Amino acid sequence: MSERPAPPISQRKQPRQARSTELVAVILQAATQVLAKEGAQRFTTARVAEKAGVSIGSLYQYFPNKAAILFRLQSEEWRQTSDLLSAILADAATPPLQRLRQLVHAFIQSECEEAAMRVALDDAAPLYRDAPEAQAARAAGEGAFQRFLLEVLPQADDAARRLAGELLLATLSGVGKRFSETPRTSAQIEAYAKAMGDMFCAYLMGLGGSDPTG
């Protein structure tokens, strides 16, 4: 028996006029509210259309199904996080390991601030996580991290840097998610991020990284 094809997650069309752009923005804002209130299991295109005050037909002009809406929300979250972290990692005026500590703190704080939405998006991830679009979005963030590791570990081979990147990203994502499941104070976030940053820096220096001012 052949596997059922995954539902399309790309938008049907991109808005080209101000009115269309506004309509898509209204739909996405409504989707965010529905997801936060109802969760992924009760998230439907009908609920989003009702919340947005638009017809279901108008919604389907841009999003073929709920997976496409959820993926757009996830893509926006990935883009914002990737832009933030890439900007930190690319700041050549700051010592590399100091950048890594700043990245850890920014990521942990972001996880805590947006915990409810991210939990809901994680619940919806099976709808789109294996789609090519999702893989491409994740690859963009991983690329920035690999460029940073090339700077920190110039003597390491590609396989070693790739493994280091996978370990750091998996730890940051997994531990950050668990940490953010409980409400945290600014002091708790600061202490946790510092400890994780110290651990990451020690790991990279053990691999041959050098940054005496970081």
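From the N terminus on, the elements of the protein follow the order α-α-α-α-α-α-α-α-α. The protein has nine helices and zero strands. The model described here is a predicted one. Of the 214 residues of the protein, 39% count as buried. When contacts between residues at least 6 apart in sequence are considered, 71% of them join residues at least 24 apart.

## Helix H5 and its partners

Helix H5, which comprises residues 96-113, takes part in packing with helix H9, residues 186-206. It also packs with H8 and with H4. The table sets out the geometry of these pairs.

| Helix pair | Axis distance | Crossing angle |
|---|---|---|
| H5 and H9 | within 9 Å | roughly 140° |
| H4 and H5 | within 9 Å | roughly 160° |
| H5 and H8 | 9 Å | about 40° |

How are H4 and H5 oriented to each other? Their axes cross at roughly 160°, and angles over 145 degrees count as roughly antiparallel. H4 and H5 are therefore roughly antiparallel to each other. The crossing of these two helices is right-handed. On the H4 side, the residues Thr 81, Leu 84, Leu 85, Ile 88 and Leu 89 take part, and they meet Arg 99, Gln 102, Leu 103, Ala 106 and Phe 107 in H5. By class, the contact of H4 with H5 consists of seven nonpolar residues, two polar and one charged.

The pair H5 and H9 has a crossing angle of roughly 140°. H5 passes H9 in a right-handed crossing. The residues of H5 in this contact are Leu 97, Leu 100, Arg 101, Val 104, His 105, Ile 108, Gln 109 and Cys 112. Their partners in H9 are Ile 189, Glu 190, Ala 193, Met 196, Gly 197, Asp 198, Phe 200, Cys 201, Leu 204 and Met 205. Twelve nonpolar, three polar and three charged residues make up the contact of H5 with H9.

For H5 and H8, the axes are 9 Å apart and the packing angle is about 40°. That makes H5 oblique to H8. The crossing in which H5 passes H8 is right-handed. From H5, the residues Leu 103, Val 104, Phe 107, Ile 108, Glu 111 and Cys 112 meet Leu 172, Ser 173, Gly 176, Lys 177, Phe 179 and Ser 180 in H8. The contact of H5 with H8 divides into seven nonpolar, three polar and two charged residues.

Ser 180 belongs to helix H8, residues 158-180. Is Ser 180 buried or exposed? With a relative accessibility of 9%, Ser 180 counts as buried, because buried means under 20% relative accessible area. The side chain of Ser 180 reaches the backbone oxygen of Lys 177 at 2.9 Å. Not counting residues up to four places away in sequence, Ser 180 touches Glu 111, Cys 112 and Ala 115.

Glu 166 also lies in helix H8. Its relative accessible area is 49%, so Glu 166 is partly exposed. Glu 166 and Glu 142 are 24 residues apart along the chain, and their C-alpha atoms are separated by 8.5 Å.

## Two further buried residues

Asn 65 lies in the loop between helix H3 (56-60) and helix H4 (66-89). Its relative accessible area is 16%, and Asn 65 is therefore buried. The side chain of Asn 65 reaches the backbone nitrogen of Ala 68 at a distance of 2.8 Å.

Ala 120 is found in helix H6, residues 115-124. At 5% relative accessibility, Ala 120 counts as buried. Which residues are in contact with Ala 120, leaving aside its neighbours within four places in sequence? They are Leu 35 and Ala 40. The C-alpha atoms of Ala 120 and Thr 32 are separated by 9.8 Å, although these residues are 88 residues apart along the chain.

Conventions:
Residues numbered from 1 in each chain as written. Predicted model: local features only at pLDDT ≥ 70, side-chain atom pairs only at ≥ 80, totals over all residues. Heavy atoms only, no water. Helix = DSSP H or I, 4+ residues; strand = E, 2+ residues; numbered from the N terminus. Buried < 20%, exposed > 50% of the residue type's maximum accessible area, 1.4 Å probe, protein only. Polar contact = N/O pair within 3.5 Å; in protein donor to acceptor, adjacent residues only side chain to side chain. Axes fitted to C-alpha atoms, helices over the stretch in contact; angles between N-to-C directions. Left-handed = near helix turned anticlockwise from the far one by under 90°. Contact = heavy atoms within 4.5 Å. Nonpolar A, V, L, I, M, F, W, Y, C, P; charged D, E, K, R; others polar. Parallel < 35°, antiparallel > 145°, perpendicular 65-115°, else oblique.
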